[in-house]
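Let's take a look at how a protein chain packs its side chains. Have the sequence and the 3D view ready as you read.

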Amino acid sequence: MRTGFVFGFVGLGAFAAAAVGNTTPIGVFGGSTYFTSDAAVTITEARALADDLGGHVVSINTEDEQVWLNSVVGFTERFWIGLSDEQVEGEFVWDSGEVFDYSYWNSGEPNDQVPGEDFVWLNWNQTNGRWNDVQIGADPVRAIIEVVPAPGSIALLGAAGFVVGRRRR
């Protein structure tokens, strides 16, 4: 059984976390810790990397989360997010299993322009943070990974809000 730790300081907007594997921590939002892959990966590799961290390729559930992510990763680089319609065309679902009730599609998207556009990139046009559906064979890009602490696995230490999350496998 592998056990890993993710550290975050959530008081006053400060953040510190240990890099895990081939990832870099980018912050904490809404109780989740976020990482980016250090290198461009396929969606399959992104999912495996997320699994290694005990998380999933990011689910973006609110406008606030979208705005926060773009404030951290910017608008000029494309990233995998954990949304797809690979099971049923036109029925998008998050890899995490969360309800899909927020979207930020680029104009005219999703369009399945090329058959098999079942996966989603953030920052499609590299100017506004919007999403686009792409095929599994799309160029590798970096991924955003979200680690959500399991209930009962976090301890808040001190008034400042230092968080220690423990993942077990």
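This is a predicted model: local features need pLDDT of at least 70, side-chain atom pairs count only at pLDDT 80 or more; totals for chains, interfaces and linings use all residues.

Tyr102 has a relative accessible area of 14%, so it is buried. Trp131 is buried as well, at 0%.

## Rings that meet

There are 10 aromatic pairs in the structure. Take Trp94 and Phe100: their ring centres are 5.9 Å apart and their planes sit at 75 degrees, so this pair is edge-to-face. Trp94 is buried at 3% relative accessible area, while Phe100 is partly exposed at 28%.

Tyr102 and Trp131 also pair edge-to-face, because their planes are at 80 degrees, with the ring centres 6.0 Å apart. Tyr102 belongs to the loop between β6 and β7, and Trp131 to strand β8, so the pair ties together parts 29 residues apart in sequence.

## Charges over rings

Now for some arginines. The charged end of Arg78 sits over the ring of Trp124, 4.4 Å from the ring's centre. Arg130 lies over the face of Tyr104, at 3.9 Å from the ring centre.

## One side of a helix

Which residues of helix α1 are buried? They are Ile43, Ala46, Leu49, Ala50 and Leu53. These residues cover an arc of only 120 degrees around the axis, which puts them on the same side of α1. An α-helix has 3.6 residues a turn, so residues three or four places apart point the same way.

Just after α1 comes Gly54, with a positive phi of about 80 degrees.

Technical notes. Residues are numbered from 1 along each chain as its sequence is written. Side-chain values use heavy atoms; hydrogens and water are left out. Buried means under 20% relative accessible area, exposed over 50%, partly exposed in between (1.4 Å probe, protein chains only). Helices (H or I, at least four residues) and strands (E, at least two) are DSSP runs, numbered from the N terminus. The arc is that of the directions from the helix axis to the C-beta atoms. Rings of Phe, Tyr and Trp (its six-membered ring) pair if their centres lie within 6.5 Å; planes under 30 degrees apart count as stacked, over 60 as edge-to-face and the rest as tilted. A charge sits over a ring if NZ of Lys or CZ of Arg is within 6 Å of the ring centre and within 35 degrees of the ring normal.
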